[in-house]
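Let's take a walk through this protein together, with an eye on its side chains. Keep the viewer open so that you can follow along.

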Amino acid sequence: MQILKKGYFFLSVLILSLLNLNAIGQSTKVRGKVVDSKTKQALPFVNIAYKGTTIGTTTDFDGNYFLETRTPGDSIYISFVGYKEKVFPVQKGNFQTLNVELDSETIDLKEIVVVPGENPAHVLLRKIIKHKKKNNPARFSSFQAETYTKMEMDLNNIKDDFKDRKIMRQFQFVFDYMDTSVITGKPYLPIFITESLSDYYYQDKPRVECEVIKASQMSGIQDNASLAQFTGQLHQNVNIYDNYIDLFDMGFVSPIADGGLRYYKYYLTDSAYRDGNWCYHLSFKPKRKQEPTFIGNFWVADSTFAIQNMQMRIAKDVNLNWVKDLVSNNEFQKLNDTTWFLKKSNLFVDFMLTEKDSTKQMGFFGRKTVSYKNVKVNVPLQEEIIKLDNNVIVNEDALIQPKVFWDNARPFKLSERESGIYAMVDSIQNVPLYKNIVDVVTTFITGYYVHGKFEYGPYYKLYSFNEIEGNRFMFGGRTSNAFSTKIMLNGHLAYGTKDEKLKYGLGFLYMIKKLPRETFGMQYKHDIHQLGKSPNAFTEGNILASLLKRNPNNKLTMLNQFETHYEKEWFQGFSNTLKFRYRDIKPTEFVPFLDRFGNSISRITTAELELRTRWTKNEKIVMGEFERVHLGGPVPIINLYLTMGMKDVLGSNYDYQKIDLSVEHTFELPPVGNLYFLASGGKLFGKVPYPLLHLHEGNETYAFDPYAFNMMNYYEFASDQYASLFVEHHFNGLILNRIPLFRKLKWRTVVSGKGLIGKLSNKNNGSLPNTETYMQFPQGLSDLSKPYFEASVGIENIFKFIRIDAMWRLTHLDDNPYQDFEDFGIRAMLQITF
């Protein structure tokens with residue numbers, strides 16, 4: 001089920017990739033608001049700093065501020081032109097709210113001279129943009145650094161009435177570890193924490209990007225190299241020098257983008273010496289509502305015009321799901337007189353699952369800190385680094401480093417409470433109630449209920465119905481990780497009340513090596529099968545396929561299939577899979593097999609050898625013990641299939657060869673959204689019956705299938721030579737955000753188009769009379785006499801989960817007495833996106 005796959009991905013991202021985040025821990029935190037003592041109006045750009053340090057900030061456009069540091073002074077100094085200065089003591093190591101009223105100061109101004117000209121903030125911005133190429137850390141041909149990464153997930157906004165509930169009695173010990181966010185003022189409780197220490201390497205030509213994890217530890221998880229590798233891939237930083245910053249699949253306009261003046265208002269608010277450099281302080285805010293922009297401020301060094309420090313907070317009304325707030329801090333270090341490099345980056349995200357009052361609803365914080373030291377730029381990488389076969393390498397002893405190692409490796413010392421978080425989070429997982437909650441969530445997302453050494457499911461296949469089987473009941477499952485992390489067994493039994501036949505399947509997957517991936521497996525099934533379905537379609541026996549059908553579900557065939565495979569990943573992004581497949585396909589009354597003379601054929605038997613080659617680069621993946629979810633990467637994914645039909649092997653009567661090639665990729669095109677395309681083509685050499693031709697992927701449900709032709713039926717078109725293109729553009733609110741009526745709904749527009757051309761040689765065209773084909777086509781199946789096109793316009797993000805498309809079939813509109821098709825239809829799908 002598509003929603004389950006996407007849900008599994010979403011939870012992975014929410015529990016891990018949401019870890020794209022900031023973790024600072026037990027430090028001194030101060031937040032509050034500064035107003036005029038008489039008018040009570042908020043005062044923007046007020047200077048606030050720890051006395052005797054350069055650690056400080058300014059109030060935002062609403063007068064709010066927050067400060068967090070491990071090295072505070074003993075008091076906070078507050079100053080603003082035209083107001084009396086104030087100093088307040090601070091409580092080190094604690095959180096405090098400090099709201100301030102400033103008293104205006106009487107100043108005699110004899111004369112005010114207004115000099116016409118350009119906004120000085122704009123003059124500075126132009127100089128920053130002019131020097132961007134020289135200051136951008138991405139300009140280096142190579143660099144390497146030691147990085148420390150800390151990530152944390154927290155449950156926030158926990159109220160006293162929640163803690164006092166009966167259900168929480170088993171968890172009372174955890175509330176000793178609660179803290180308060182300086183950014184939002186919400187109390188929070190850590191529920192997941194991880195740290196890693198790595199050596200990071202980058203080279204431009206040839207492109208090399210590699211991370212060697214020297215140490216990694218995670219709360220509640222022991223000896224999980226796969227998770228360590230995945231969290232390592234999340235170290236990538238927000239590069240403020242890019243024109244657009246990709247956060248949660250949305251391209252935000254950088255405050256120093258080349259076209260920043262079109263999106264932001266800028267204000268020059270201060271200048272001062274900072275760490276030996278004369279710097280200017282600029283604040284910025286969006287010009288318009290609901291555009292993917294930030295509000296914040298930055299310090300820029302004079303003469304070099306390099307950014308010294310930047311704090312960005314997403315605008316409150318950005319059309320972004322699940323994210324209530326996001327704050328990014330980037331601090332740069334000076335390597336020499338002209339070279340600046342990132343020193344530390346923090347990312348804080350406040351996730352809310354509902355749109356209700358965020359002060360009353362519980363949510364999650366995701367927090368991440370990355371610090372850099374021992375930075376070396378333009379130093380050639382060692383040959384052994386260039387030859388590494390994975391982007392992320394986990395050293396053998398990375399997961400077993402002792403406490404003394406971590407105490408020396410961290411750039412800061414953990415507080416006593418912070419040190420106890422690991423043990424606290426581990427203890428939560430031993431509470432029975434927590435285990436029950438995890439079981440329910442895991443079952444819903446994966447489809448399987450885990451009990452001991454076995455996983456029962458998937459639950460959405462327990463019952464379904466179709467015209468051939470009638471009511472279908474199925475029981476199945478697979479072994480769990482508790483049984484083995486090297487081999488996974490699976491099987492199922494199914495029974496139809498109408499055909500009164502038993503169906504079954506049995507197989508295994510053996511993990512030879514995890515990184516790089518190397519597997520071997522076998523699978524046998526005796527069950528119904530839908531020929532010509534897309535890889536994303538509802539599988540046979542899925543209850544949703546039964547409920548959402550738009551035509552009678554009777555084009556199923558009986559299949560006996562044995563398949564074995566060997567998969568070898570040579571290096572990350574490049575793999576081969578060799579498969580041997582034996583199929584015995586039997587007809588039904590709805591899908592008959594007739595030879596060219598009209599005689600009945602009892603079965604079609606084939607034996608195939610298939611070699612798949614998959615290539616991409618620098619993609620991110622989430623790995624379980626046996627399965628992996630691909631999260632995409634910066635370059636297209638290429639799949640090449642070479643298939644050979646082997647005559648006289650296991651009774652096969654057909655000798656043929658096939659080649660299929662596909663290329664897919666998503667282009668990020670901020671600010672106009674993102675464009676996805678999938679181009680594919682193939683050719684079959686030889687003479688085969690129609691079930692072995694390319695039966696083009698139809699869809700006979702009301703669910704939108706991105707990999708199928710949604711207005712095409714099953715068994716409508718066949719080819720032995722074809723090419724297709726699918727293009728889909730997501731505008732991410734660009735259009736509807738400008739319409740007041742729709743702005744609050746946060747709906748988003750999407751458009752797509754699909755095209756197909758194909759040819760069918762006479763020897764394989766069973767719809768032509770007097771041709772020496774193996775088999776007649778069933779009624780309604782034909783070749784593509786002309787190209788097939790369909791298009792759609794849709795709205796997504798309805799209630800955050802729903803996408804609805806209006807679809808048009810643009811060609812092949814002539815009446816076909818054997819096909820009940822639509823030239824217009826409505827399709828829907830569930831999808832989880834940010």
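A residue is called buried when its relative accessible area is under 20%, exposed when it is over 50%, and partly exposed in between. Please keep in mind that this is a predicted model.

With that in hand, go to helix H9, which spans residues 421–428. Its buried residues are Ile421, Tyr422, Met424, Val425 and Ile428. These residues cover an arc of only 165° around the axis, so they sit on the same side of H9.

Next, let's look at the aromatic rings. The model has 39 aromatic pairs, counting rings whose centres lie within 6.5 Å. One of them joins phenylalanine 80 and tyrosine 83: the ring centres are 5.7 Å apart and the planes meet at 25°, so this pair is stacked. Phenylalanine 80 counts as partly exposed because its relative accessibility is 23%, whereas tyrosine 83, at 15%, is buried.

Another pair is made by tyrosine 188 and phenylalanine 365. Here the centres are 5.7 Å apart and the planes are at 70°, so the pair is edge-to-face. Tyrosine 188 belongs to strand S11 (residues 187–203) and phenylalanine 365 to strand S21 (residues 363–377), so the contact ties together parts that are 177 residues apart in sequence. Tyrosine 188 and phenylalanine 365 are both buried.

Rings can also join into groups. Phe140, Phe143, Tyr200, Tyr202, Phe341 and Tyr372 form a cluster that is linked by ring pairs.

Arginine 478 places its charged end over the ring of tyrosine 448, at 3.8 Å from the ring centre. Likewise, the charged end of lysine 687 sits over the ring of tyrosine 774, 4.9 Å from its centre.

Which strand holds isoleucine 659? Isoleucine 659 lies in strand S36, residues 656–668. With a relative accessibility of 34%, isoleucine 659 counts as partly exposed, and patch residues need over 30%.

Technical notes
Residues are numbered from 1 along each chain as its sequence is written. This is a predicted model: local features need pLDDT of at least 70, side-chain atom pairs count only at pLDDT 80 or more; totals for chains, interfaces and linings use all residues. Side-chain values use heavy atoms; hydrogens and water are left out. Helices (H or I, at least four residues) and strands (E, at least two) are DSSP runs, numbered from the N terminus. Buried means under 20% relative accessible area, exposed over 50%, partly exposed in between (1.4 Å probe, protein chains only). The arc is that of the directions from the helix axis to the C-beta atoms. Rings of Phe, Tyr and Trp (its six-membered ring) pair if their centres lie within 6.5 Å; planes under 30 degrees apart count as stacked, over 60 as edge-to-face and the rest as tilted. A charge sits over a ring if NZ of Lys or CZ of Arg is within 6 Å of the ring centre and within 35 degrees of the ring normal.
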